[in-house]
Amino acid sequence: MPALPDLHIQDLAGARARMRQLAAGAAPGGVDMTDHAVPGPDGSVRVGVCWPPDVTGPLPALLLLHGGGFVMGGLETVAVQAADLCAQVPAVVVSVDYRLAPEHPYPAALRDCEAALRWIASESGALGVDAERIGVYGMSAGGGLAAALTLLVRDRGGPPLCFQLLDAPEVDDRLDTASMRAFNDTPLWNRADAVLSWRYYLADCGGVVPPYAAPARAGDLSGLPPAYVSVYENDPLRDEGLAYASGLLRGGSSVELHLFPGTFHRSAVITSAAVSRRQIAETLAALRRGLIRFE
């Protein structure tokens, strides 16, 4: 496998370049991702859309939000995953090239994700999508955006989401959990990365952090869609993911929670590991249950 990207965001420009290099060599085979420019509150938002081959609709849709600490990533970094999910769920998968901090701090990324969701709902007929079966899947910072998006559309009256899958969600800017204090040198993500991630993302908040920026601050987690939350044992984000899943459960959402032993942040990229294969299989099964409801 290729060398893992250096995600220590102290070297932000270098990390972004390394992620682009790795993504460029990993184009999905057999599935085309079509780029679209969808209307957003601050200009057009680039999205990538995958349709499963030889499957008739209307199909469920999955809004895919990449990770990268709010400062890295894009359509290219999730192209393979989007194509795989599209074929294996199956679903229409829409990935979002949301704006990145520090150039575009909160709420830019969330506004772009909301715009993409509203586009899916408004164009559901043309996309071959069942508007009542739209889910969101976010990884790391994308998991935080996914959680925030469910809060936002709940409070604004839609478009409705039927399911949320939060993979190691980055939801708490306070950085005071036991796992956040403990893991200072873990692979792919550590406390120092989290400190800079939130500093960049919240630069325009003036010290007042709304729950749409950091969903762990939400006082009301009622009325949210069913959730599947996965966390990694040796990950600074572990405990905030556990706490958020518990909050969703207390708020009345149906929640499935998995802590994968012996893992570190996003270690599922090492696909040869048995625990990674199990996590990938369970993620697919959860998406099928949440979007299609036949398993």
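Visitor: What makes Glu-76 partly exposed?

Guide: Glu-76 has a relative accessibility of 42%. Buried would need under 20% and exposed over 50%, so partly exposed is the label for Glu-76. Keep in mind that this is a predicted model.

Visitor: Why do the side chains of Glu-76 and Arg-46 count as a salt bridge?

Guide: The N to O distance for Glu-76 and Arg-46 is 3.1 Å. The limit is 4 Å between a Lys or Arg nitrogen and an Asp or Glu carboxyl oxygen, so the pair qualifies. This pair ties together distant parts of the chain: Glu-76 is in the loop between strand S3 (59–65) and helix H2 (79–88), while Arg-46 is in strand S2 (residues 43–50), 30 residues apart. Salt bridges also link Asp-35, Arg-46, Glu-76 and Asp-97 in a network.

Visitor: How many salt bridges does that rule give?

Guide: The count comes to 17. Another one of them joins Arg-154 and Asp-155, with the closest N and O atoms 2.8 Å apart.

Visitor: Why does Asp-173 get a label of buried?

Guide: Asp-173 has 13% relative accessibility, and the cut-off is under 20%, so Asp-173 counts as buried. Arg-217, at 34%, is partly exposed.

Visitor: What makes Asp-173 and Arg-217 a salt bridge?

Guide: The N to O distance is 2.7 Å, and the rule asks for within 4 Å, so the side chains of Asp-173 and Arg-217 pass. Here too distant parts of the chain are linked: Asp-173 is in the loop between strand S6 (163–167) and helix H6 (178–182), and Arg-217 in the loop between helix H7 (191–201) and strand S7 (227–234), 44 residues apart.

Visitor: On to the rings. How many aromatic pairs are there?

Guide: The structure has four. One of them is Phe-70 with Trp-198, with ring centres 5.3 Å apart and planes at 55 degrees.

Visitor: Why is the pair of Phe-70 and Trp-198 called tilted?

Guide: Stacked would need planes under 30 degrees apart and edge-to-face over 60, so 55 degrees makes the pair tilted. The two residues come from distant parts of the chain, Phe-70 in the loop between S3 and H2 and Trp-198 in helix H7, 128 residues apart. Phe-70 is buried, at 2% relative accessible area, and Trp-198 is buried too, at 4%.

Visitor: What makes Tyr-106 and Tyr-201 edge-to-face, then?

Guide: The planes of Tyr-106 and Tyr-201 are at 75 degrees, and the cut-off is over 60, so the pair is edge-to-face. The ring centres lie 5.8 Å apart, and the limit for pairing is within 6.5 Å. Tyr-106 is in the loop between strand S4 (92–96) and helix H3 (108–122), Tyr-201 is in helix H7, and the two are 95 residues apart. Both are buried. Ring pairs link Phe-70, Tyr-106, Trp-198 and Tyr-201 into a cluster.

Visitor: What stands out about the backbone at Tyr-106 and Phe-70?

Guide: The peptide bond from Tyr-106 to Pro-107 is cis, with omega near 15 degrees. Phe-70 has a positive phi of about 70 degrees although it is not a glycine. Most residues other than glycine have a negative phi, and most peptide bonds are trans. Gly-158 and Pro-159 are also joined by a cis bond, with omega about 0 degrees. Arg-266 is another non-glycine residue with a positive phi, near 60 degrees.

Visitor: Why is Arg-266 called buried?

Guide: Arg-266 has a relative accessible area of 18%, which is under 20%, so it is buried.

Visitor: Last stop: what do you find where H3 meets helix H5 (residues 141–156)?

Guide: The axes of H3 and H5 come within 10 Å and cross at roughly 65 degrees. H3 passes H5 in a right-handed crossing. Residues in the contact include Leu-110, Cys-113 and Leu-117 of H3 and Leu-145, Leu-149 and Leu-152 of H5. By class, the contact has nine nonpolar residues, no polar ones and three charged.

Conventions. Residues are numbered from 1 along each chain as its sequence is written. This is a predicted model: local features need pLDDT of at least 70, side-chain atom pairs count only at pLDDT 80 or more; totals for chains, interfaces and linings use all residues. Side-chain values use heavy atoms; hydrogens and water are left out. Helices (H or I, at least four residues) and strands (E, at least two) are DSSP runs, numbered from the N terminus. Buried means under 20% relative accessible area, exposed over 50%, partly exposed in between (1.4 Å probe, protein chains only). Rings of Phe, Tyr and Trp (its six-membered ring) pair if their centres lie within 6.5 Å; planes under 30 degrees apart count as stacked, over 60 as edge-to-face and the rest as tilted. Axes are lines fitted to C-alpha atoms, for helices over the stretch in contact, and angles run from 0 to 180 degrees between N-to-C directions. A crossing is left-handed if the near helix is turned anticlockwise from the far one by less than a right angle, and right-handed if clockwise. Contact means heavy atoms within 4.5 Å. Ala, Val, Leu, Ile, Met, Phe, Trp, Tyr, Cys and Pro count as nonpolar, Asp, Glu, Lys and Arg as charged, and the others, Gly among them, as polar.
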